[in-house]
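Hello,

Here is the structure I promised to pass on to you. Have a look at it, and then read on for what turned up.

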Amino acid sequence: MTEGERRQLVDVLEQAREWGFVGPGDLDAHVEHSLAFLPLCGPAQAGTDLAVDLGSGGGLPGLVLALVQVDRPWLLLDANRRRTDFLITAVRQLGIGDRTKVICQRAEVAGRGPLRNSATLVVARGFAAPGPTAECAAPLLGVDGMLVVAEPPGGAPTRWPATQLADLGLDFDSMTTEPVALRRFRQVRPCPDRYPRRVGIPGKRPLF
């Protein structure tokens, strides 16, 4: 990322903060937090790749990753129309509209539509608790696709029980603790057709 791109990105995130879509803290630190996803995202797979930012909100980490991963198409998914309207404008301002799409849709609906099994990568930062995050991400992933999730500092492995993950076709792959706590899961087999459950149920009755 060039210095000019970073300044432009911070300006966009400042706009997101004004709309209440980005929380407190130094915006450059938010950018660095998003860039920490890169090592676990892996390289783009030309011609077959799609990455999804689940619950993109103000564009963290999706806008940051889309800006630097020029060979990977990105989809910013969020259920709130005000946020997706902002993201559409942000994508245009950053000049990444050729490889970045914004969709206003519930993740449970997306997981039962054309996006099912279509992604090689799903990232999530603050989307939901572990159970709903896994249930909404797994249907979007094709086999061998990766889910990369930001964790709270010192997040315990018990937050992601292996048996329930396996029920979704997911398996633990790797993790980092510095500079950011991140956990990566691999879609080892297709997510069963019964997931995701209908809108609202993953959050109200989480699998774990």
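A salt bridge here is a side-chain nitrogen of Lys or Arg within 4 Å of a carboxyl oxygen of Asp or Glu. Before the findings, please note that this is a predicted model, in which local features need pLDDT of at least 70 and side-chain atom pairs count only at pLDDT 80 or more, while totals for chains, interfaces and linings use all residues. Residues are numbered from 1 along each chain as its sequence is written, and side-chain values use heavy atoms, with hydrogens and water left out.

Salt bridges first: there are 13 in the structure. In one of them, Glu108 joins Arg106, with 2.8 Å between the closest N and O atoms. Glu108 is buried at 6% relative accessibility (buried means under 20% relative accessible area, exposed over 50%, partly exposed in between, with a 1.4 Å probe and protein chains only). Arg106 is partly exposed, at 36%.

Glu32 and Arg6 form another, at 2.5 Å from N to O. Since Glu32 is in helix α2 and Arg6 in helix α1 (residues 3-18), this pair ties together parts 26 residues apart in sequence. Helices (H or I, at least four residues) and strands (E, at least two) are DSSP runs, numbered from the N terminus. Glu32 is partly exposed at 40%, whereas Arg6 is buried at 18%.

Helix α2 (residues 27-35) also holds Ser34, which is buried at 0% relative accessibility. Beyond its neighbours within four places in sequence, Ser34 is in contact with Leu60, Pro61, Val64, Leu65 and Arg125 (contact means heavy atoms within 4.5 Å).

Now to the sheet. How many strands form it, and in what order? The open sheet has 7 strands, ordered β3-β2-β1-β4-β5-β7-β6, with mixed pairing; two strands pair if DSSP finds at least two bridges between them. At the edges are β3 (100-104) and β6 (170-176), each pairing on one side only. Strands β1 (residues 51-54) and β2 (residues 74-78) run parallel over 4 bridges, and Leu54 has Leu77 in β2 as its bridge partner.

Finally, the aromatic rings: the whole structure has 5 aromatic pairs. Rings of Phe, Tyr and Trp (its six-membered ring) pair if their centres lie within 6.5 Å; planes under 30 degrees apart count as stacked, over 60 as edge-to-face and the rest as tilted. Trp19 and Phe21 are stacked, because their ring centres are 6.4 Å apart and their planes at 15°. Ring pairs also join Trp160, Phe172, Phe185 and Phe208 into a cluster.

Enjoy exploring!
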